[in-house]
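Welcome! Here is a short tour for anyone meeting this structure for the first time. Take a look at the sequence and the 3D view, then read on.

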Amino acid sequence: MADRDTTEPPFGPIVSSAHLADGAMPALSEVEFGMILCGHAFERWMERCMTAAGQPGLTATEILVLHTVTHRGKAKRLADICLVLGIEDTHLATYAIRKLEAKGLVAREKAGKERLISVTSEGEAACRRYRDLRERILVAGAAELGVSAEAMSSVARLMRVLSGHYDQAARTAASL
């Protein structure tokens with residue numbers, strides 16, 4: 001009996017759509033399935049962590065906007081928030097900002113022709129509680145995986161590069 005290669009599962013790559021994995025790059029389908037699972041898990045995490053931090057009812061997008069506005073303590077323009085988060089439809093970000101403003105977490109101010117969004121003290125406090133919970137719950141568990149900071153950074157770089165390829169492919173598909 002021949003020795004079996006144990007590096008790959010006997011049932012093939014783990015993908016969500018076998019018909020997409022039967023092309024020239026099945027490993028990309030594995031990455032896509034991982035991104036699907038990771039994306040949904042990350043959204044669940046953000047929403048539940050923010051609820052535990054005392055701000056229930058926020059969506060993942062709203063939480064991302066709050067963290068972005070809080071970043072470096074500097075007021076942000078809507079266009080910059082959308083650019084950083086990769087939000088194409090500014091209405092989504094505008095809705096999130098309005099909801100965050102209604103909860104007292106951010107404030108809008110006029111600066112010439114533009115409106116700037118800044119975090120309030122209540123928003124900062126929510127982000128601090130979120131960060132503290134993240135450290136205790138998520139970071140502690142991730143540290144137990146034994147993955148080096150360099151390996152994590154390498155995965156992050158790969159994800160950013162892939163996002164550029166997906167954006168370019170989306171532009172191409174939209175022009176067909």
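Let's begin with helix 3, whose buried residues are A60, E62, I63, V65, L66, T68, V69 and T70. Buried means under 20% relative accessible area, exposed means over 50%, and partly exposed lies in between (1.4 Å probe, protein chains only). Helices (H or I, at least four residues) and strands (E, at least two) are DSSP runs, numbered from the N terminus.

This is a predicted model, in which local features need pLDDT of at least 70 and side-chain atom pairs count only at pLDDT 80 or more, while totals for chains, interfaces and linings use all residues. Residues are numbered from 1 along each chain as its sequence is written, and side-chain values use heavy atoms, with hydrogens and water left out.

- Because 8 of its 11 residues are buried, helix 3 is largely enclosed by the rest of the structure.
- Just after helix 3, R72 has a positive phi of about 65°.
- The largest nonpolar core has 23 residues, and those touching the most other members are M50, V65, L66, V69, L100, V106 and Y130. A nonpolar core is a set of buried Ala, Val, Leu, Ile, Met, Phe, Trp, Tyr and Cys residues joined through side-chain atoms within 4.5 Å.
- Two or more residues of this core come from each of helix 2, helix 3 (60-70), helix 5 (90-102), strand 3 (114-119) and helix 6.
- Helix 3 is the biggest giver to this core, with 5 residues.
- V69 is in contact (heavy atoms within 4.5 Å) with K74, K76, I81, V106, I117, S118 and V119, leaving aside neighbours within four places in sequence.

**Where helix 2 meets helix 6**

- Two packed helices are described by the angle between their axes and the distance between the axes.
- Helix 2 (residues 26-52) and helix 6 (residues 121-143) have axes that come within 9 Å and cross at roughly 115°. Axes here are lines fitted to C-alpha atoms, for helices over the stretch in contact, and angles run from 0 to 180 degrees between N-to-C directions.
- Helix 2 contributes W45, M46, C49, M50 and A52 to the contact, and helix 6 contributes A126, Y130, L133, R134, I137 and L138.
- Sorted by type, the residues of this contact are 10 nonpolar, no polar and 1 charged. Ala, Val, Leu, Ile, Met, Phe, Trp, Tyr, Cys and Pro count as nonpolar, Asp, Glu, Lys and Arg as charged, and the others, Gly among them, as polar.

**Salt bridges**

- How many salt bridges does the structure hold? There are 6 salt bridges, each being a side-chain nitrogen of Lys or Arg within 4 Å of a carboxyl oxygen of Asp or Glu.
- One of them joins the side chains of E62 and K99, at 3.1 Å from N to O. This pair links distant parts of the chain, with E62 in helix 3 and K99 in helix 5, 37 residues apart.
- E62 is buried, at 3% relative accessible area, whereas K99 is partly exposed at 25%.
- E101 and R108 also meet in a salt bridge (2.8 Å, N to O). E101 is partly exposed at 28% relative accessibility, and R108 is partly exposed at 29%.
- E135 forms a salt bridge with R134, and their closest N and O atoms are 3.9 Å apart. E135 is partly exposed at 41% relative accessible area, and R134 is partly exposed at 34%.

- K103 sits in the loop between helix 5 and strand 2 (106-111), and is partly exposed at 28% relative accessible area. Not counting residues up to four places away in sequence, K103 touches Q55, P56, L58 and E122.
- S118 lies in strand 3. Is S118 buried or exposed? S118 counts as buried, at 17% relative accessibility.
- S118 touches V69, A75, V106, A107 and E109, not counting residues up to four places away in sequence.
- A125 is part of helix 6 and counts as buried at 17% relative accessibility. A125 and L105 are 20 residues apart in sequence and 9.0 Å apart in space, C-alpha to C-alpha.
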